[in-house]
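Subject: Handover of a structure

Hello,

Please find the structure below, followed by notes on what was found in it.

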Amino acid sequence: MPVSILKQRHYLIASVQSALTDTEVLELRDALLAELAKHRSRGIIIDVAALDVIDSFVSRSLTTVARTGTLRGARTVIVGIQPEVAVAMSHFGLGLEAVDTALDLEAGIELLDR
Amino acid sequence: MSEEIRVTVAADADTVVARQKGRELALRLGFTRTDATFIATAISEIGRNIWTHAGEGEIVLCGLSEDGREGIIVIARDKGPGIADVDAVMRDQLSSDKGLGMGLWGARKLMDEVTIVSERGKGTTVTMKKWRGFAFDEVRQLLGEGGAEQRAPRLGLRIDVSNVAEALEQLEDTPRR
C-alpha cells in the first residue's frame, strides 16, 4: 500500500504517496482503524496531497474513518486536498461529513492540538 | 478524431490507469488542470461501474472536434448485465449514496454531456463529452482592452458585466461554441 502510517504523540499520521486503487483505499481505512485501536490515538491526520482524484468511493471511505474515529474518541483531519480536487468535489457535491480539513500537515496538527 | 487511447478495465488498478491517461490527454488537448481533474474523476466513477457490475470492459479516450468546439470524449463499454431502467438507477442515487447511480450521477455533474445506452443482458455504453473552455490568453486576446459587453456577443456569449475581470471569470467556465 503506497501509504505510510506514523504514530506521533497521541496522533496517527497517514501520508498517501501516490494515486490509490479502491483496494488500497480500503486497506488504508482498515489499517488506520486497526492502528487507532492499538495506540488509543486521539487524532488521525490523513495527508491526501498525492491523491489525483477524490471521488465518491474515496470520500465515503474517508468519512467512514472519521465517523468510526469519532465513536472511539478520535478526531480526523484531512490535509492537503489539491485545489483542483477540491473544486471537482464541490462540483460533484461530495462533502466530507464529520471530517475536519486543514491546508497542510502543520495546520492539521495545530487543529488537533487546540 | 485525434489519437485514440484504449484501456481494458477488469480491476480497480485499471481505472487508475484510465483516469491518469484521461488526465494526460485532457491536458494535451488544452484543458485546464481543474477540468482535467473533473474528467479524471468522472472516469474513476464510470470505470468502477465497469469492474464492479460487469467484470470487464474498456474505456476509450479521444480528442473531439465538433462545430468549431474542441473537447474530449470518453466511452466506457461493457458486455455486462446491463441496466434495466437507467432512470430508476439515477433516482436511486437520491436515497442511497452507493452503487451504480452514484457514479453516473457524479459523471453527469462533472462532464458536459453524458449519454447512457444499456440493454438487459447485452451491456452498457456510457458516452461522456466535455468541451474545452476558452484559455485565459485566448479570452484576453478576443476581448482586448475593455469593451467586453460589445465583443462578447461576437463570441456567442451573453455577458452583462462592467469589467473585464468578471467577464474573464465567466468565460473561463463557458464551453466553447
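How many bridges join strand S4 (residues 113-119) of chain B to S5(B)? Seven bridges join them, and the two strands run antiparallel. Strands here are DSSP runs of E with at least two residues, helices are runs of H or I with at least four, and both are numbered from the N terminus. Two strands count as paired if DSSP finds at least two bridges between them.

Before the rest, some conventions. This is a predicted model, in which local features need pLDDT of at least 70 and side-chain atom pairs count only at pLDDT 80 or more, while totals for chains, interfaces and linings use all residues. Residues are numbered from 1 along each chain as its sequence is written, chains are lettered from A and ligands numbered from 1 in the order in which they are written, and side-chain values use heavy atoms, with hydrogens and water left out.

The sheet of chain B

Chain B has an open sheet of five strands in the order S1-S2-S3-S5-S4, with antiparallel pairing. Strand S1 (4-9) and S4 of chain B are at the edges with a single partner strand each, so one side of each has no neighbour in the sheet. From one strand to the next, the twist averages 15°; angles run from 0 to 180 degrees between N-to-C directions, and axes are lines fitted to C-alpha atoms, for helices over the stretch in contact.

Strand S5 (residues 123-131) of chain B has eight of its nine residues buried, so the rest of the structure largely encloses it. Buried means under 20% relative accessible area, exposed means over 50%, and partly exposed lies in between, with a 1.4 Å probe and protein chains only. Strand S3 (residues 69-78) of chain B is joined to S5(B) by eight bridges, again antiparallel. B:Val126 in S5(B) has B:Ala76 opposite it, and B:Ile116 also stands opposite B:Val126. The hairpin of S4(B) and S5(B) has three residues between the strands, and B:Gly121 there takes a positive phi near 85°.

Between strand S2 (residues 57-66) of chain B and S3(B) there are 10 bridges, also antiparallel. In this pair B:Leu64 is opposite B:Gly71 of S3(B).

The helices of chain B

H2(B) packs on the sheet and touches S1, S2, S3 and S5 of chain B, its direction making about 15° with that of S3(B). Contact means heavy atoms within 4.5 Å. H1(B) lies across S1, S2 and S3 of chain B and runs at about 165° to S1(B).

Helix H1 (residues 12-28) of chain B also packs with H2(B), at an angle of about 155° and with the axes 8 Å apart. That makes the two helices roughly antiparallel; the classes are roughly parallel under 35 degrees, roughly antiparallel over 145, roughly perpendicular from 65 to 115, and oblique for the rest. Residues in this contact include B:Arg19 of H1(B) and B:Ser44 of H2(B). By class, the contact has eight nonpolar, five polar and five charged residues. Ala, Val, Leu, Ile, Met, Phe, Trp, Tyr, Cys and Pro count as nonpolar, Asp, Glu, Lys and Arg as charged, and the others, Gly among them, as polar.

B:Ser44 belongs to helix H2 (residues 33-54) of chain B. B:Ser44 is buried, with a relative accessible area of 1%. Not counting residues up to four places away in sequence, B:Ser44 touches A:Val53, A:Asp55 and B:Arg19.

Chain A and its contact with chain B

Helix H3 (residues 83-92) of chain A packs against H2(B) at about 55°, with axes 9 Å apart, which makes the pair oblique. Among the residues that meet are A:Val85 and A:Phe92 in H3(A), and B:Thr37 and B:Phe38 in H2(B). This contact has five nonpolar, four polar and three charged residues.

Chain A has an open sheet of five strands in the order S1-S2-S3-S4-S5, with mixed pairing. Strand S2 (residues 11-16) and strand S3 (residues 43-47) of chain A pair in the parallel sense over five bridges, and A:Leu12 has A:Ile44 as its bridge partner in S3(A).

A:Leu6 is in strand S1 of chain A and is exposed, with a relative accessible area of 53%.

Regards
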